Amino acid sequence: MVKEFIKAKGIKKTYDHVKAVDNLDITVNKGEIFGLIGPNGAGKSTAIECILGTKKKDSGSVDILNMDPINNRKRVFEEIGVQFQDSYYPDRIKVKEMCQLVASLYTKSIDWREMLSKFGLSDKSKQMISELSGGERQKLSVILALLHKPKIVFLDELTTGLDPSARRQMWNFLKSLNMQGLTIFLTSHYMDEVHYLCDRISIIDKGKIITTGTPDDVIKAVDEGSLEEAYLKLIAKKGEIQ
Amino acid sequence: MKSLWIMLKIEFKLAIREFSGILFGIILPAGIITLLGILFGDKLASGNDGYTMLQQSFAAVITIGICATGLMGIPITISSYREKKVLKRFKVTPTSPVLLLIAQFLSNFILAVISSVLVFVIAYLFFDYKMIGSLWIFIIIYLLVVLSIYSIGMLIASISNSVKTSNLLCSLVYFPMFFLSGATIPYEIMPKGLQKFADIMPLTQSIKILKGVSLGSEINGYLLQIIILLVTTIVCIILSIKFFRYEY
């Protein structure tokens with residue numbers, strides 16, 4: 001039986017009369033890699049924040065691991081890891097200090113040294129985070145989101161700014177974590193990545209979900225050759241109607 | 001508790017690396033008390049009350065560390081944590097970001113105490129400083145001063161909407177207090193008009209009580225000052241809670 005890890009229903013969020021997210025339904029099943037894709041400003045980050053409860057939704061309901069993330073904040077966040085778009089850190093903090101700091105926030109955590117070596121960052125542990133390259137920083141932000149062995153991880157535009165080989169490395173790593181049972185909710189602008197990683201996707205535009213399904217289903221439905229073409233067609237079509 | 005301890009250690013390391021807190025909070029007051037000691041030694045203060053210039057200035061120098069940490073360190077760090085979304089990151093963990101704020105206060109408080117102890121030790125060892133009044137009452141008033149100055153710092157952190165504003169507000173509050181309250185230039189030698197202006201500042205009131213208590217005056221004589229500090233603390237705490245946000 002399929003177990004629903006995230007159930008979001010009818011989420012609405014309006015900023016100054018602009019509907020950032022409009023009647024959003026998202027379901028993510030256990031063990032799945034789910035991708036939320038859409039143009040800049042489509043409402044992806046707002047959707048994630050409404051699901052997590054860091055932004056107050058106007059209406060709708062959210063259920064994560066059968067709990068309400070606002071009322072059961074502590075228990076929910078023991079089980080989920082979050083990597084926000086553009087991670088920032090305190091000034092002059094070292095890699096290992098940030099790892100210690102984040103690990104201390106959870107009741108259980110895995111050895112951060114092990115995680116650093118898995119990502120090839122062992123020799124960077126005494127460096128300032130500000131001295132890391134873009135790719136190393138992104139890797140670190142994933143490590144920090146996974147230090148407490150979460151059941152679900154949210155990754156917002158994880159591979160933006162990575163070079164092709166670093167991106168590939170990240171894909172392999174996420175796939176292997178997923179094989180071990182991690183459920184992943186991601187957003188991305190790279191359709192090759194989405195196609196390679198995601199079991200299911202939803203395309204969002206102007207706050208509304210326009211289609212949901214496996215990447216192959218989405219491609220077939222609009223009769224295109226690749227996910228990128230299908231995506232462009234879907235977004236453009238919607239533009240024409242309005 | 002474990003996470004508070006780790007946060008405190010890291011916050012402290014970051015403060016040392018940042019260094020301006022150490023420079024303005026510890027090295028500066030240590031330098032000023034040394035300078036005062038060398039310049040005035042055990043010269044008697046004017047007014048013939050039987051105490052030395054050093055005894056008269058001691059309380060004011062003690063407050064420099066409190067101001068550097070409370071009016072610079074706390075507001076600037078907290079608003080940069082907000083701007084850099086560090087607080088937001090904490091919101092998606094089981095631990096409340098309030099813990100980080102507490103660690104921030106404690107680490108600054110420790111710096112302030114180190115500064116004050118150092119000033120005391122320098123004055124005592126090299127310049128024969130002796131506190132005339134009770135050290136215990138002095139410490140209690142010291143804590144009250146820390147509370148009120150830190151609450152002003154917290155209010156600045158809460159109302160400013162960027163690190164830039166926070167920096168500006170800090171300078172607007174810090175420098176007049178620093179120069180006019182008697183922390184650097186003795187209050188006694190200021191013209192009357194300036195004294196009146198200086199009197200509105202909580203730091204001036206703080207230094208008045210600390211000075212009085214260290215020179216052996218009765219604490220009862222400072223009820224008005226104590227009330228001013230308490231009211232400042234309460235009002236600033238209420239307002240900073242009201243205006244506090246985790247992100248811009």
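Tutor: Two residues are in contact if their C-beta atoms, placed from the backbone, lie within 7 Å. The model is predicted, and local features need pLDDT of at least 70, side-chain atom pairs count only at pLDDT 80 or more, and totals for chains, interfaces and linings use all residues. Residues are numbered from 1 along each chain as its sequence is written, while chains are lettered from A and ligands numbered from 1 in the order in which they are written.

The contact takes 19 residues from chain A and 21 residues from chain B. On the side of chain B that touches chain A, the elements giving two or more residues are α1 (2-18), α3 (53-83) and α4 (86-91) of chain B. Of the elements on that side, α1(B) gives the most, with nine residues. Helices (H or I, at least four residues) and strands (E, at least two) are DSSP runs, numbered from the N terminus. By class, this side of chain B has nine charged residues (Asp, Glu, Lys and Arg), eight nonpolar residues (Ala, Val, Leu, Ile, Met, Phe, Trp, Tyr, Cys and Pro) and four polar residues (the others, Gly among them).

Consider next chain B as a whole. Chain B has ten helices and zero strands. The radius of gyration of chain B, taken over C-alpha atoms, is 18 Å. The globule rule (2.2 Å times the number of residues to the power 0.38) gives a close value of 18 Å for 248 residues, so chain B is as compact as a globular protein of that length. Its C-alpha trace spans about 60 × 35 × 30 Å along the principal axes of chain B. Buried residues (20 or more other C-beta atoms within 10 Å of their own C-beta atom) make up 46% of the 248 residues in chain B.

Note on methods:
Buried ≥ 20, exposed ≤ 12 C-beta atoms within 10 Å, placed from the backbone.
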